[in-house]
Amino acid sequence: MKPLLILHPPFIFILLLISTNTPTCLCEDDVQYRNCSNAFICGSSNLDLKYPFWGVNRDKYCGEEKLTCEGGVPKITMNDIKYRILDWDNTTQIVTVARDDYWGDICLSDPKNNTFDRTQFQYDHDDELVNVTLFYCPSDTPPITTDFFGPTKCGDNKFVFYTHLPVNSYTGNCPIVVIPIFESNASLVHDNKISVALQNGFELNWVGNYEECKKCSDSGGACGFNDGDGEFQCFCKDGSASCTGMSLFPFLV
């Protein structure tokens with residue numbers, strides 16, 4: 001006869017505590033689980049873009065931030081400005097982006113300032129970033145007395161001056177655009193290689209609720225998003241609403 005397994009009360013309490021607080025997954029793979037377990041596919045990119053991103057092969061329920069794939073490059077649009085995604089760290093939730101409209105050229109017909117208001121992306125590592133200020137002027141006369149580089153001529157009566165040095169309040173007639181770059185790239189601006197400095201991008205930190213996703217991933221689930229109520233969702237292999245059904249001690253079942 002198979003011997004009986006006797007559990008002492010303290011051990012039973014520990015089992016209950018673990019099963020209550022540790023989300024786990026076990027069962028047949030669910031469609032949403034499979035879909036959200038896959039990284040965003042775009043050209044030869046191997047950035048492992050998962051939650052909070054969706055787009056192309058990842059359905060909308062897989063994340064909050066929409067990506068597009070253009071020319072084999074993952075891109076994201078924030079407040080009507082498109083950015084190239086250069087790097088992404090799933091652990092720190094830090095993304096490196098570069099302005100798509102400034103990719104290789106600073107002569108823009110309608111230059112716009114980037115803003116991250118009302119987004120879940122914010123500047124990170126401020127001590128590692130400096131601002132490049134670009135002045136779009138109607139003449140080749142510097143707009144203010146400071147150390148400038150350029151100008152770059154952009155057609156008739158249009159010149160671009162730029163500097164990585166701090167600029168005090170400006171009230172002239174030259175529209176300005178301020179773009180952060182890595183402080184380590186400031187020397188490129190000084191050497192009139194501003195396009196290279198801008199292409200190297202800058203970092204933003206995704207400030208959404210990643211703790212829930214970490215718990216979900218640690219349990220074997222796939223992170224997702226409910227577009228209806230705006231709440232985080234953890235997709236389990238069996239399609240259940242929460243991944244809490246698997247026993248951590250199968251020999252007890």
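Colleague: How many disulfides does a search of the whole structure find?

Modeller: A disulfide is a covalent bond between the sulfur atoms of two cysteines. In this predicted model, the search of the whole structure finds six disulfides, and one of the pairs is Cys-36 with Cys-62, whose sulfur atoms are 2.1 Å apart.

Colleague: Which parts does the pair of Cys-36 and Cys-62 tie together?

Modeller: Cys-36 belongs to helix H2 (residues 31-37), while Cys-62 sits in the loop between strand S1 (53-54) and strand S2 (65-70), so the link joins parts that are 26 residues apart in sequence. The torsion about its S-S bond is -90 degrees, and the link of Cys-36 and Cys-62 is left-handed.

Colleague: Is Cys-36 buried or exposed?

Modeller: Cys-36 counts as buried because its relative accessibility is 4%, and Cys-62, at 0% relative accessibility, counts as buried too.

Colleague: What is the handedness of the disulfide of Cys-42 and Cys-69?

Modeller: The torsion about the S-S bond of Cys-42 and Cys-69 is about 85 degrees, so this disulfide is right-handed. Cys-42 lies in the loop between H2 and S1 and Cys-69 in strand S2, so the pair connects parts that are 27 residues apart in sequence. Cys-42 is buried, with a relative accessible area of 1%, whereas Cys-69 is partly exposed, with a relative accessible area of 31%.

Colleague: Where do Cys-137 and Cys-174 lie?

Modeller: Their sulfur atoms are 2.2 Å apart in a disulfide, which is right-handed, with 125 degrees about the S-S bond. Cys-137 lies in strand S7 (residues 129-137) and Cys-174 in the loop between strand S9 (159-163) and strand S10 (176-182), so this pair ties together parts that are 37 residues apart in sequence. Both Cys-137 and Cys-174 are buried.

Terms used
Residues are numbered from 1 along each chain as its sequence is written. This is a predicted model: local features need pLDDT of at least 70, side-chain atom pairs count only at pLDDT 80 or more; totals for chains, interfaces and linings use all residues. Side-chain values use heavy atoms; hydrogens and water are left out. A disulfide is a pair of cysteine sulfur atoms within 2.5 Å. Helices (H or I, at least four residues) and strands (E, at least two) are DSSP runs, numbered from the N terminus. Buried means under 20% relative accessible area, exposed over 50%, partly exposed in between (1.4 Å probe, protein chains only).
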